[in-house]
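The points are numbered for reply.

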Amino acid sequence: MASTFKTFSTDDKTITTTNLHEVIPITGTIVSGTYSDLNIKNYAHGMFQSVYDYPYLSSSANHIFDISVGYSANSSLSGASAVQNAKKINIYNEFAKVHVQPDITGSIQEFDQDGNISAGGAKFSECIFLSFSRLLAKDEIKKGSVTLSFYTGSTFSAPDSPKTISDYNAQTDYKVNSPAGEYGLLYTSSTGITSNSAVGHVYYQTGVVVLTASIFDGNFASTDETISAILTGSEISGAADGLRNRTNNLQFNNTTELNSTIYFCRASAGEFNYSSNPTYLSGSQVVVKNTRTDTPVSYVTTVGLYSSDNVLLAVAKLSEPLKKDPTNELTLRVRLDY
């Protein structure tokens with residue numbers, strides 16, 4: 001170890017940010033049948049249903065996402081006779097409160113189809129909500145990577161080909177007027193995209209997908225009931241079951257933001273040529289020198305980063321010792337990730 005300390009200059013430190021992406025594929029078989037629904041958890045409160053990647057009672061199970069449904073109090077489905085009416089309105093309002101900009105009075109507004117709330121326009125009054133776990137979404141969902149595939153045909157027992165929904169062009173075309181951050185519009189086709197053809201939103205920072213219930217134009221559940229009948233006549237768990245059994249595949253890329261501080265530890269020709277290692281001396285003599293005029297030599301094995309009051313904060317080990325003497329200079333690059 002070198003016998004002296006050296007203070008960093010402003011040119012010796014730089015800060016960088018790197019985004020790491022991981023593909024997250026969720027197959028429909030895991031969602032709807034691989035474990036005979038032992039990986040599906042319902043709760044006494046009945047507000048949402050959780051999906052795990054393994055039977056949820058197992059210590060190996062990981063929470064994947066939650067499913068819930070709800071509608072606005074202004075929806076035609078809202079009424080005292082609807083099953084769990086108050087809870088479905090509350091679910092809708094909770095998601096809208098977090099993700100939709102309130103009006104000037106602070107009141108909750110409905111999800112706007114094209115995201116242009118101030119201009120009015122069509123609303124998503126009846127919605128399906130998918131909340132992906134932080135374990136999967138990490139810091140955020142990558143824009144333009146979301147692909148959702150559902151069977152939406154007229155009968156449950158013999159549905160048509162799956163309908164693919166994606167945030168097409170969201171890498172550059174996304175919205176920023178949500179309290180929850182950036183979000184993209186979801187479409188059923190990459191061609192002929194217009195804002196009034198959106199069928200949902202994906203909120204990248206919160207990992208939430210909002211789908212209009214109208215995409216399921218046919219019978220939704222195994223009882224061949226329509227989506228409207230399910231939303232009014234069944235509990236939230238029943239609607240979640242219907243969605244799971246209509247799921248073909250879900251996929252997106254997550255994002256992990258890796259912040260790094262890079263220190264350039266420089267040793268000029270006249271620095272760090274001696275060691276504070278006790279074995280460097282024998283009888284007050286430098287063991288690597290045969291005569292007094294020999295060039296001093298040290299071997300760098302470790303870099304320590306210290307605070308201004310000389311408290312050791314971090315240690316970096318080299319893969320092999322580096323020879324240091326007055327004839328050479330070293331620059332060691334140390335990166336701290338957080």
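Which residues of the largest nonpolar core touch the most other members?

1. Main core. Phe65 and Phe111 do. They belong to a core of 59 residues. Please keep in mind throughout that the model is predicted.

2. Around Phe65. Set aside the neighbours within four places in sequence, and phenylalanine 65 still has a list of contacts. Among them are Ile26, Val31, Val51, Leu130, Phe132 and Leu250. The list also includes Gln49, Ser50, Ser131 and Ser133.

3. Second core. A separate core of 11 residues is present too. Its members include Cys265, Val303, Leu330 and Val334.

4. Cysteines. How many disulfides does the count give? It comes to 0 disulfides. A disulfide is a covalent bond between the sulfur atoms of two cysteines. Cysteine 127 has 0% relative accessibility, so it counts as buried. Cysteine 265 has a relative accessible area of 14%, and is therefore buried as well, because the cut-off for buried is under 20%.

5. Salt bridges, overall. The count comes to 8 salt bridges. Three of them are taken up in the points below, starting with lysine 6 and going on to two made by arginine 244.

6. Lysine 6 and glutamate 271. The closest N and O atoms of this salt bridge are 2.9 Å apart. The pair links distant parts of the chain, 265 residues apart. Lysine 6 sits in the segment before β1. Glutamate 271 sits in the loop between β15 (247–267) and β16 (281–282). Lysine 6 is partly exposed, at 40% relative accessible area. Glutamate 271 is partly exposed too, at 24%.

7. Arginine 244 and aspartate 37. Here the closest N and O atoms are 3.2 Å apart. Is arginine 244 buried or exposed? Its relative accessible area is 2%, so arginine 244 is buried. Aspartate 37 has a relative accessible area of 37% and is partly exposed.

8. Arginine 244 and aspartate 241. Arginine 244 forms a salt bridge with aspartate 241 as well, the closest N and O atoms being 2.7 Å apart. Both residues lie in helix α5. They are 3 residues apart, about one turn of the helix. Aspartate 241 is partly exposed, with 28% relative accessible area. Shared partners join Asp37, Asp241 and Arg244 into one network of salt bridges.

9. Surface patch. Which residues make the nonpolar surface patch of about 400 Å²? Phe5, Tyr306, Leu312 and Val315 make it. Phenylalanine 5 is placed in the segment before β1 (13–27). With a relative accessible area of 58%, phenylalanine 5 is exposed.

10. Backbone. Lysine 138 has phi near 60°. This lysine 138 lies in the loop between α3 (134–137) and β8 (140–141). Lysine 138 is partly exposed, at 30% relative accessibility. Asparagine 310 has phi near 65°. Its place is the loop between β18 (298–306) and β19 (312–324).

Definitions and conventions. Residues numbered from 1 in each chain as written. Predicted model: local features only at pLDDT ≥ 70, side-chain atom pairs only at ≥ 80, totals over all residues. Heavy atoms only, no water. Disulfide = S-S within 2.5 Å. Buried < 20%, exposed > 50% of the residue type's maximum accessible area, 1.4 Å probe, protein only. Patch = residues over 30% accessible without salt bridge, like charges linked within 9 Å, V, L, I, M, F, W, Y side chains within 5 Å. Areas by Shrake-Rupley, 256 points an atom, 1.4 Å probe, with all protein chains shown as cover. Salt bridge = Lys/Arg side-chain N within 4 Å of Asp/Glu carboxyl O. Helix = DSSP H or I, 4+ residues; strand = E, 2+ residues; numbered from the N terminus. Core = buried A, V, L, I, M, F, W, Y, C linked by side-chain atoms within 4.5 Å. Contact = heavy atoms within 4.5 Å.
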